[in-house]
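The following paragraphs go through a model of two chains, one chain at a time, and then turn to where the chains meet. Please keep the sequence and the structure in view while reading.

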Amino acid sequence: MSPQAEAPEATPVELHFNIEDNQVSFNIHEELFVLDAIYGAAYLFVDRCWLFLTRPADKVVGVHLKPKESTDEAGLEALAGEFANELLNQAIRVRIGESTATLREYTMARAFFTAPVQSSIDALLAELDAEELEEDELEISVPWEETGA
Amino acid sequence: MHSTTRDFSLSLYRQTALQETQQAYAELLDARFEHAEHNSHVTFSGDGDDLDFLIDAFCNHALFLSIQQYREDGVT
């Protein structure tokens, strides 16, 4: 029997929202999406919509979106879908931010607190100086006519 | 004069953000605050036809400032 046959059938997940007075409203549970992600998505919609957040219950955030330009029901549904997608993006951003926090702190600490290393240009100049000194220890300038003779 | 009320949850909107928004909109909109433990009950009143528009703009501004302050505080 193949693994696909054992797996349960995928069921469609629907975003439950309410459309009323040119406004779409839905609830987000903070156990699924942290407030940082909700704020992140809301921040990106502030220029397109009128936003209002409510607290209908503990750990639940009510999002009320009203487009700045009037639209039909399909437009409001699309808006709710876009917000949900952005919510997912922001949740991933938060997770990545948390998982790479130690690495970022380490990189910043190393950049600020380690001894400065001589730059490659300085190293090359020093190398050239060393070569010139090897050719003429006294570094006395000689006209090119004489050197060519 | 028309009036409308809205409840701003203090777990979502910063008190300072609401105060700054009130000051910014003082000349356009009359917003009276009644503070409770978990939310701020705001009564908006005005004569013009654009009252709803101004309330929506007020809410957006308060949310925008709340998010900014949340990020400045570095709460993740």
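Of the contacts in chain A with a separation of 6 or more, what percentage is accounted for by residues 24 or more positions apart? The figure is 56%, where two residues are in contact if their C-beta atoms, placed from the backbone, lie within 7 Å.

This is a predicted model, in which local features need pLDDT of at least 70, side-chain atom pairs count only at pLDDT 80 or more, and totals for chains, interfaces and linings use all residues. Residues are numbered from 1 along each chain as its sequence is written, while chains are lettered from A and ligands numbered from 1 in the order in which they are written. The model scores ipTM 0.91 and pTM 0.75. Chain B has a mean pLDDT of 91, with 97% of its residues at 70 or more; pLDDT is the predictor's confidence in each residue, from 0 to 100.

Chain A contains six helices and four strands, in the order α-β-β-α-β-β-α-α-α-α from the N terminus on. Here helices (H or I, at least four residues) and strands (E, at least two) are DSSP runs, numbered from the N terminus. Of the 149 residues in chain A, 16% are buried. A residue is buried if 20 or more other C-beta atoms lie within 10 Å of its own, exposed if 12 or fewer, and partly exposed in between, with C-beta atoms placed from the backbone.

The strands of chain A form an open sheet of four, ordered β1-β2-β4-β3, with antiparallel pairing. Two strands pair if DSSP finds at least two bridges between them. The edge strands, each pairing on one side only, are β1 (18-20) and β3 of chain A. From one strand to the next, the twist averages 25°. Between β2(A) and β4(A), which run antiparallel, there are six bridges, and A:I28 has A:V61 as its bridge partner in β4(A). Seven bridges link the antiparallel strands β3(A) and β4(A). These two strands form a hairpin with two residues between them, and A:K59 in the turn has a positive phi of about 65°. A:A57 stands opposite A:V60 in β4(A).

Helix α2(A) lies across β2, β3 and β4 of chain A, at about 155° to β3(A). Axes are lines fitted to C-alpha atoms, for helices over the stretch in contact, and angles run from 0 to 180 degrees between N-to-C directions. Leaving aside residues up to four places away in sequence, A:I38 touches A:I28, A:F33, A:V61 and A:L87. In helix α3 of chain A is A:N89. A:N89 counts as partly exposed because it has 13 C-beta neighbours inside 10 Å. A:N89 and A:A37 are 52 residues apart in sequence, yet 8.2 Å apart in space, C-alpha to C-alpha.

Chain B has an open sheet of three strands, in the order β1-β3-β2, with antiparallel pairing. Its edge strands are β1 (2-9) and β2 (30-35) of chain B, each of which pairs on one side only. The twist from one strand to the next averages 20°. The antiparallel strands β2(B) and β3(B) are joined by six bridges, and B:R32 has B:T43 as its bridge partner in β3(B). Helix α2(B) lies across β1, β2 and β3 of chain B, running at about 15° to β1(B).

The helix α2(B) also lies across β3 and β4 of chain A, running at about 70° to β3(A). Where the chains meet, 15 residues of chain A are in contact with 11 residues of chain B. On the side of chain A that touches chain B, the elements giving two or more residues are α2 (35-45), β3 (49-57), β4 (60-67) and α3 (73-99) of chain A. The largest share, six residues, comes from β3(A). By class, this side of chain A has nine nonpolar, two polar and four charged residues. Ala, Val, Leu, Ile, Met, Phe, Trp, Tyr, Cys and Pro count as nonpolar, Asp, Glu, Lys and Arg as charged, and the others, Gly among them, as polar.

The largest nonpolar core has 35 residues, and those with the most contacts inside it are A:I38, A:A42, A:L51, A:L53, B:C59, B:A62 and B:L63. The elements that give this core two or more residues are β2 (23-29), α2, β3, β4 and α3 of chain A, together with α1 (15-24), β3 (39-46) and α2 (51-72) of chain B. A nonpolar core is a set of buried Ala, Val, Leu, Ile, Met, Phe, Trp, Tyr and Cys residues joined through C-beta atoms within 7 Å.
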